[in-house]
Amino acid sequence: MEALKKRQERAFALLRDAGFQKAIVGDPMTIDYLTGIHVIPYERYYGLTLDAERNTLAMVNPSVDTGCMKGTVPEMIYLDSDGPMEAIRQAVGDCKKLAVEKKYFSMATGELFQNLNCEVQDIGDCIARLRMRKDETEVKYIQFAAEIVDRAIAYVSDKIKPGMTEKDLHMMLFAYMSKFPGFVTDEVIILVQGGADSANPHGVSGDYAFQYGDIILLDFCAYYRYYWSDISRCLFIGEVGNPKMAEIYDIVLQANLAAIAAVKPGVAAKEVDRAARDYIKNAGYGEYFLHRTGHGLGLSVHEEPYITSVNELILEEGMTFTIEPGIYLEGVGGVRIEDDILVTGEGCRILTSHSKELRDNILPL
């Protein structure tokens, strides 16, 4: 409860500093961050109003979800037949300058806000800054989520055999992780790609059956108490069947280590990206590194800070993000090695621990 109070106080202070009287946030992850309550809006309007002058919160929600805030925040209920407009007016009151999460709300909801008698501006950057630095409880949840994915790889490693399909392994990972108390099954992100399929950075688990010597690229998450981990490891069945894959594996591993070594408070996010990108470029594979080096982790699986070549954001203690360089050779295969990182006072801590050494990821048969 004390952590929630501190988050709310920081939110009110950010709003006042930006010159806002009130704000409306709708992203369920932001609502969870500020209240500890997880809502699922589906197609209906839900909006948490923050009053920066009175330091109070109020929730506008449909009658079907009456009591969703469990007494922690006053609710302003609307009927489906009436729509949320009047409840929003009541929550906003005589506010002259209102901040909203434009990135989250639909254009239809935006039209509702335009009908209010006040100036409407975006609050997105404020919310991103608010959620970037994790408190002790958040770090604990992300760390345990990282332990779940580490354990999952260890669990499946001696069960993978030629003839097993990507979907088979996908479901094995999910079944294992879902047994952990606190593991959330609302959303699932598991990518299993074998052989040449691994060259697609955002492929999906399909019907491909693994063969001896294949690479298997695993990229999957654990969603624990609404906090995410994210890991990528490459396993090989019996041996590395293609020497080219061993070559690019070592390059990606060294790029991963170079980026991690660059992480510390005061460093720009783009410098971490540069450390990985330069290593891969100097090895002759720059054009095959097709994506950013990493993304923030927290209540959302992709959030600030984004580790890109253009992000000037300065890293601070308490930030959590991935480092995941990759090389992808169409028709041959791809390698991506991803870790979850916490920025500490002196540098960083790696939250994921499954070995990245090639010899440790060749599965004996």
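Let me start with how space is found. On a 1 Å grid over the protein atoms alone, a cavity is a set of points where a 1.4 Å probe fits but cannot get out, while a pocket is an open set with protein on both sides within 12 Å along at least five of seven lines; a lining residue has an atom within 4 Å of a point. Points are joined across faces, edges and corners, and a volume is the space filled by probe spheres set on the points.

Two remarks on the source. This is a predicted model, in which local features need pLDDT of at least 70 and side-chain atom pairs count only at pLDDT 80 or more, whereas totals for chains, interfaces and linings use all residues. Numbering runs from 1 along each chain as its sequence is written, and side-chain values use heavy atoms, with hydrogens and water left out.

The structure has one cavity of 30 Å³ or more. The largest cavity holds about 30 Å³ of space. Its lining consists of Ala11, Leu14, Leu15, Leu50, Ile123, Cys126, Ile127 and Leu130. Helix 1 and helix 5 each supply at least two residues of that lining; helices (H or I, at least four residues) and strands (E, at least two) are DSSP runs numbered from the N terminus. By class, the cavity lining has eight nonpolar, no polar and no charged residues. The classes are as follows: Ala, Val, Leu, Ile, Met, Phe, Trp, Tyr, Cys and Pro are nonpolar, Asp, Glu, Lys and Arg are charged, and the others, Gly among them, are polar.

Now the largest pocket, with a volume of about 720 Å³. It is lined by 28 residues, and Asp27, Lys103, Arg131, His302 and Glu303 lie nearest its centre. The lining splits into 13 nonpolar, five polar and 10 charged residues. Which element gives the most to this lining? Helix 5 does, with seven residues. Helix 2 and strand 13 also supply at least two residues each.

Helix 5 covers residues 124–132, and its buried residues are Cys126, Ile127, Leu130, Arg131 and Met132. Buried means under 20% relative accessible area, exposed means over 50%, and partly exposed lies in between (1.4 Å probe, protein chains only). What covers these buried residues includes helix 1, strand 1, helix 2, strand 13 and strand 14.

On to charges. A salt bridge here is a side-chain nitrogen of Lys or Arg within 4 Å of a carboxyl oxygen of Asp or Glu, and the structure holds 21 of them. Asp27, Arg131, Lys134 and Glu303 are linked in a network of salt bridges.

The side chains of Asp339 and Arg233 meet at 2.8 Å, N to O. Asp339 is buried at 0% relative accessibility, and Arg233 is buried at 1%.

Asp219 and Arg336 form a salt bridge at 2.9 Å, N to O. It links strand 8, which holds Asp219, to strand 16, which holds Arg336, 117 residues apart. Asp219 is buried at 8%, and Arg336 is buried at 2%.

Arg44 and Asp80 also form a salt bridge at 2.9 Å, N to O. Arg44 lies in the loop between helix 2 and strand 2, and Asp80 in the loop between strand 4 and helix 3, 36 residues apart. Is Arg44 buried or partly exposed? Arg44 is partly exposed at 27%, and Asp80 is partly exposed at 48%.

Next, His295 in strand 12. Its relative accessibility is 3%, so it counts as buried. Its side chain makes polar contacts with the side chains of Asp230 (3.2 Å) and Glu324 (3.1 Å). A polar contact is a pair of N or O atoms within 3.5 Å; within protein, one must be able to donate a hydrogen and the other to accept it, and residues adjacent in sequence count only if both atoms are side-chain atoms.

Last, the backbone. The peptide bond from Glu304 to Pro305 is cis, with omega near 5 degrees, and Pro305 lies in strand 13. Asn55 has a positive phi, near 55 degrees, and sits in the loop between strand 2 and strand 3. Arg225 also has a positive phi, near 50 degrees, in the loop between strand 9 and strand 10.

Definitions and conventions:
Contact means heavy atoms within 4.5 Å.
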